[in-house]
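My notes follow in the order in which I looked.

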Amino acid sequence: MRGFNQVLSVDAQAGWVDTEGMITYEDLTRDCLAHGVMPAVVPQLKTITLGGAVAGVGIESSSHRYGLVHDTMLELEVLLGDGRVVTCTSTNEHSDLFFGFPNSYGTLGYALRVKAKTVRVKPYVHLQHLGFSSAVKYFEELGRHLRSAANDFVDGTVFSPSEMYITLGRFTDTAPYTSDYTYENIYYRSIAGKHEDYLTVHDYIWRWDTDWFWCSKNVLAQNPLIRRLYGRKRLGSRTYTKIMRWNSRVGITKKLERVMGLHSESVIQDVDIPLSRAADFLAFYAEHIGLWPQWICPIGPQAGRFSLYPVKGDWTINFGFWDVKRTREAHPAGHFNRLIERKVAELGGIKSLYSDSFFTPEEFQQSYGGPAYAALKAKYDPQGAFPQLYEKCVLRR
């Protein structure tokens with residue numbers, strides 16, 4: 001599958017790109033920008049592939065306007081487990097797979113080709129960072145800004161329960177200056193220090209990649225001296241992923257935690273909560289998890305069309321948090337992640353499945369398509385060439 005990584009066609013006037021599924025967003029965005037457009041939703045990290053974002057769930061600060069990555073799909077070509085290739089659209093005979101492929105994580109087939117929406121860009125993005133100390137006020141103001149047609153991009157950063165920011169981005173033809181967060185300066189640290197900023201459209205799209213949001217701290221890349229040793233070209237998600245995978249194999253961090261008498265649990269999650277309950281989730285998170293910063297990304301109204309990720313209703317808020325919870329006392333495996341799963345369900349939300357999950361089979365079926373997934377599996381993978389979604393995403397088989 002790795003060879004399916006080319007852009008086939010870009011039609012800037014019609015507003016679409018036709019590309020193979022294994023292309024990274026770094027390559028896809030480069031080709032689109034050369035035509036004066038960008039994919040309507042570009043996930044935050046350069047190494048994410050378009051096919052992976054469609055089979056999982058992809059999001060970014062344009063999602064308030066265009067939804068999730070799979071909302072931008074126009075056509076999908078899928079390799080099935082028996083070797084057949086089917087073309088899916090929202091209206092053809094394979095529309096059930098078109099609406100059932102997102103969040104299937106490769107258990108129904110692999111995306112060979114994706115045709116997706118693009119949007120026109122301007123050379124620069126003007127940013128405004130608006131600070132708040134009250135969660136209730138924060139989400140009220142966020143809702144107000146979401147209803148404004150003036151904002152091309154909307155996201156937010158929560159540094160603590162009393163320090164949070166909304167970031168509004170608008171395309172612009174000119175800029176009095178541009179900031180550079182690809183080497184010595186760190187983007188997320190600028191949010192609290194600047195009321196406004198200007199980035200090139202390229203640097204805006206990849207503003208989070210250089211420091212993996214803020215997770216580069218875990219590989220010491222925010223230390224000025226070590227940052228220089230990394231060098232500009234090695235700062236980014238590609239390098240950090242290699243380091244973290246090596247650490248998972250070797251277990252350096254686990255050994256240090258044992259020496260220090262600490263118990264740890266990775267809490268790496270993206271959860272989607274109705275805007276009306278977002279302040280409630282933040283209060284729960286502050287009391288029980290308390291890992292900061294936290295990313296906030298609003299998602300536009302959804303119709304629940306996609307059977308395995310059935311988000312419905314008005315504005316939804318994505319909370320992204322990716323760190324390790326360390327405690328002196330021992331807890332059962334998955335304790336903190338399980339607290340999160342239960343709270344998300346209580347608030348009428350849903351979480352992404354790319355990381356650890358601890359659902360019971362009954363809970364999983366209720367949230368992620370249940371009978372609809374069974375019907376898709378029977379129709380498109382009757383031989384069981386691929387694992388079941390629960391086996392892959394919860395049992396990790």
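In which strand is Thr 19 found? I located Thr 19 in strand β2, which covers residues 16–20. I note at the outset that this is a predicted model.

**Entry: Thr 19**

I looked up the accessibility of Thr 19 and got 0% relative accessibility; since buried means under 20%, Thr 19 counts as buried. Gly 304 is 285 residues from Thr 19 in sequence, and their C-alpha atoms are 26 Å apart in space.

**Entry: Asn 151**

Where does Asn 151 lie? I found Asn 151 in the loop between α5 and β8, the latter being 153–160. Its relative accessible area is 0%, so Asn 151 is buried. Beyond four places in sequence, I find Asn 151 touching His 64 and Arg 65, His 145, and the run Leu 168, Gly 169 and Arg 170.

**Entry: α5 against α11**

Next I took helix α5 (residues 135–146) with helix α11 (residues 278–288). Their axes come within 9 Å and cross at roughly 145 degrees. I read the crossing of α5 and α11 as right-handed. On the α5 side the contact is made by Ala 135, Val 136 and Phe 139, and on the α11 side by Ala 278, Ala 279 and Leu 282.

**Entry: α9 against α10**

At what angle do helix α9 and helix α10 pack? I have about 55 degrees for helix α9 (residues 237–250) and helix α10 (residues 252–260), with their axes 6 Å apart. That makes α9 oblique to α10. From α9, the residues Trp 246, Asn 247 and Val 250 meet Ile 252, Thr 253 and Lys 255 of α10. By class I noted 3 nonpolar, 2 polar and 1 charged residues in the contact of α9 with α10.

**Entry: Lys 377**

I looked up Lys 377 in helix α14, residues 370–380. Is Lys 377 buried or exposed? Its relative accessible area is 6%, so Lys 377 is buried. Its side chain is joined to that of Asp 381 by a polar contact of 2.8 Å. Setting aside neighbours within four places in sequence, I have Lys 377 in contact with Thr 107 and Leu 108, and with Pro 382, Phe 386, Pro 387 and Gln 388.

**Entry: Ile 350**

I found Ile 350 in strand β16, residues 350–351. Ile 350 counts as buried because its relative accessibility is 9%, and buried means under 20%. Not counting residues up to four places away in sequence, Ile 350 touches Val 271 and Asp 272, the run Tyr 309, Pro 310 and Val 311, then Val 344, and finally Ser 367 and Tyr 368. For Ser 367 I also looked up the spacing: its C-alpha atom is separated from that of Ile 350 by 7.3 Å, and the two are 17 residues apart along the chain.

**Entry: backbone geometry**

I went through some backbone angles. Which residues in the loop between α7 and α8 did I note for phi? One is Phe 213, in the loop between α7 (201–205) and α8 (224–230). Phi of Phe 213 is near 60 degrees, a positive value in a residue other than glycine. Its relative accessible area is 6%, so Phe 213 is buried. Leu 220 is also placed in the loop between α7 and α8. Leu 220 has a positive phi of about 65 degrees although it is not a glycine. At 52% relative accessibility, Leu 220 counts as exposed, since exposed means over 50%.

I also noted a cis peptide bond from Trp 292 to Pro 293, with omega near 0 degrees. Pro 293 lies in the loop between α11 and β12, the strand at 294–299.

Notes:
Residues numbered from 1 in each chain as written. Predicted model: local features only at pLDDT ≥ 70, side-chain atom pairs only at ≥ 80, totals over all residues. Heavy atoms only, no water. Axes fitted to C-alpha atoms, helices over the stretch in contact; angles between N-to-C directions. Helix = DSSP H or I, 4+ residues; strand = E, 2+ residues; numbered from the N terminus. Left-handed = near helix turned anticlockwise from the far one by under 90°. Contact = heavy atoms within 4.5 Å. Parallel < 35°, antiparallel > 145°, perpendicular 65-115°, else oblique. Nonpolar A, V, L, I, M, F, W, Y, C, P; charged D, E, K, R; others polar. Buried < 20%, exposed > 50% of the residue type's maximum accessible area, 1.4 Å probe, protein only. Polar contact = N/O pair within 3.5 Å; in protein donor to acceptor, adjacent residues only side chain to side chain.
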